[in-house]
Amino acid sequence: MEDNRDLIIRRVKKEELDKLVEIYTSAYRKMKRYAYTKEKKIREYLEWLYQEEPEGFLVAEREEKLTGFACIHTGWKNRLEEGKTGELHEIVVTEELQGKGIGKKLFKMVLKYACLLYTSPSPRD
């Protein structure tokens with residue numbers, strides 16, 4: 001694991017979604033059966049993730065280069081019990097940087113976001 005002190009985790013900007021297509025493709029290169037493979041479908045998927053909850057769509061950035069992203073939707077309905085469920089849709093790190101702690105840091109930050117949302121009064125309720 002590398003030293004990730006220079007890694008910035010922040011909300012994605014809408015205009016960065018196109019840059020995430022390459023990261024998504026790289027991350028799923030060896031797992032194509034689980035991913036969208038057409039660029040148009042990937043863009044549509046990323047747009048949908050962003051539109052549903054832009055606050056829960058985070059990117060990892062090092063030296064002004066995007067290295068990964070994570071996306072959580074916190075308002076999902078749980079069919080088994082009352083209340084809402086947080087749905088973690090993606091934790092994606094570019095293939096050459098996998099295993100260096102970037103995904104772990106992304107996971108911690110989306111989890112923190114969801115926990116803060118569930119333990120604070122929300123305008124969505």
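This is a predicted model: local features need pLDDT of at least 70, side-chain atom pairs count only at pLDDT 80 or more; totals for chains, interfaces and linings use all residues.

1. Residues are numbered from 1 along each chain as its sequence is written, and side-chain values use heavy atoms, without hydrogens and water.

2. You will find five aromatic pairs here (Phe, Tyr or Trp rings, the six-membered one for Trp, with centres within 6.5 Å; planes under 30 degrees apart are stacked, over 60 edge-to-face, the rest tilted). Y36 and Y45 make a tilted pair, at 5.2 Å between centres and 50° between planes. Y45 also pairs with W48, this time stacked, at 6.3 Å and 20°.

3. Ring pairs join Y24, Y28, Y36, Y45 and W48 into a cluster. Within it, Y45 is buried at 12% relative accessible area, whereas Y36 is partly exposed at 39% and W48 is partly exposed at 32% (buried is under 20%, exposed over 50%, partly exposed in between; 1.4 Å probe, protein chains only).

4. Y45 and W48 sit three residues apart in helix α2, residues 39-52, so about one helical turn separates them (helices are DSSP runs of H or I, at least four residues, numbered from the N terminus).

5. Which residues of α2 are buried? They are I42, Y45, L46, L49 and Y50. These cover an arc of only 135° around the axis, so they lie on the same side of α2 (the arc uses directions from the helix axis to the C-beta atoms). The face turned away from that buried side carries the exposed K40 and Q51.

How values were computed
Helices (H or I, at least four residues) and strands (E, at least two) are DSSP runs, numbered from the N terminus.
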